[in-house]
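Subject: Structure handover

Hello,

Here is the structure I promised to pass on. My notes on it follow below the display.

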Amino acid sequence: MNPNLIVIEPVTLWTPTGTKTAVGFNVRYVNYQNGPAVADCQLLDAAGAEVSSQLVNATAEQTAQWNGDDDVPFYRVLAENAGLTPVV
């Protein structure tokens, strides 16, 4: 299983090829240099294919809570910052 993948409540998105449903939020990488983090993230369908991608910001306070040992809680915060609802 992909450790960077957060399961989310399904969201329907318009794409150039029609509407698609995303069920996963994947963090590709996080940029962090002594300040708020910015993450490059993807929305994935049930087959794991990318539906869309975006940069997601974390506040300085949220970034300070990220300890780097367990990324899942921070990635859930990023999903919420993107307007998504993680499934627990």
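Two strands count as paired if DSSP finds at least two bridges between them. Strands β2 and β3 meet this: they run antiparallel and are joined by 7 bridges. Please keep in mind throughout that this is a predicted model.

Overall layout

The chain contains 4 strands and 2 helices. Read from the N terminus, the order of elements is β-β-β-β-α-α. The radius of gyration is 13 Å, close to the 12 Å that the globule rule gives for 88 residues, so the chain is as compact as a globular protein of that length. Along the principal axes, the C-alpha atoms fill a box of roughly 40 × 25 × 20 Å.

Of the 88 residues, 28% are buried. The accessible surface is about 5500 Å², and carbon and sulfur atoms account for 50% of that area. Taking contacts between residues at least 6 apart in sequence, 35% join residues at least 24 apart.

The strands

Gly-24 has Leu-44 of β3 as its bridge partner, and Val-38 has Asn-57 of β4. Strand β3 is mostly covered, with 6 of its 7 residues buried.

Both hairpins have a residue with positive phi. The hairpin of β2 and β3 has 6 residues between the strands, and there Asn-34 takes a positive phi near 55°. In the hairpin of β3 and β4, with 5 residues between the strands, the residue is Gly-48, with phi near 90°.

Thr-15

Thr-15 is in strand β1. Is this residue buried or exposed? Its relative accessible area is 7%, and the cut-off for buried is under 20%, so Thr-15 counts as buried. The side chain of Thr-15 reaches the backbone oxygen of Gly-18 at 2.5 Å. Apart from neighbours within four places in sequence, Thr-15 is in contact with Lys-20 and Val-51. Val-51 lies 36 residues away from Thr-15 along the chain, yet their C-alpha atoms are separated by 7.6 Å.

Helix α2

Helix α2 covers residues 71-81, and its buried residues are Phe-74, Tyr-75, Leu-78 and Ala-79. These cover an arc of only 150° around the axis, which puts them on the same side of α2. What lies over them? The cover on the buried residues of α2 includes β1 (5-15), β2 (18-31), β3 (38-44), β4 (50-57) and α1 (60-65).

Both ends of α2 have something to look at. At its start, a side-chain oxygen of Asp-70 comes to within 3.3 Å of the backbone nitrogen of Val-72. After the helix comes Gly-83, which has a positive phi near 90°.

Regards

Methods: Residues are numbered from 1 along each chain as its sequence is written. This is a predicted model: local features need pLDDT of at least 70, side-chain atom pairs count only at pLDDT 80 or more; totals for chains, interfaces and linings use all residues. Side-chain values use heavy atoms; hydrogens and water are left out. The radius of gyration is taken over C-alpha atoms; the globule rule is 2.2 Å times the number of residues to the power 0.38. Buried means under 20% relative accessible area, exposed over 50%, partly exposed in between (1.4 Å probe, protein chains only). Contact means heavy atoms within 4.5 Å. Accessible areas come from the Shrake-Rupley method with a 1.4 Å probe; for residues, only the protein chains shown count as cover. The arc is that of the directions from the helix axis to the C-beta atoms. A polar contact is a pair of N or O atoms within 3.5 Å; within protein, one must be able to donate a hydrogen and the other to accept it, and residues adjacent in sequence count only if both atoms are side-chain atoms.
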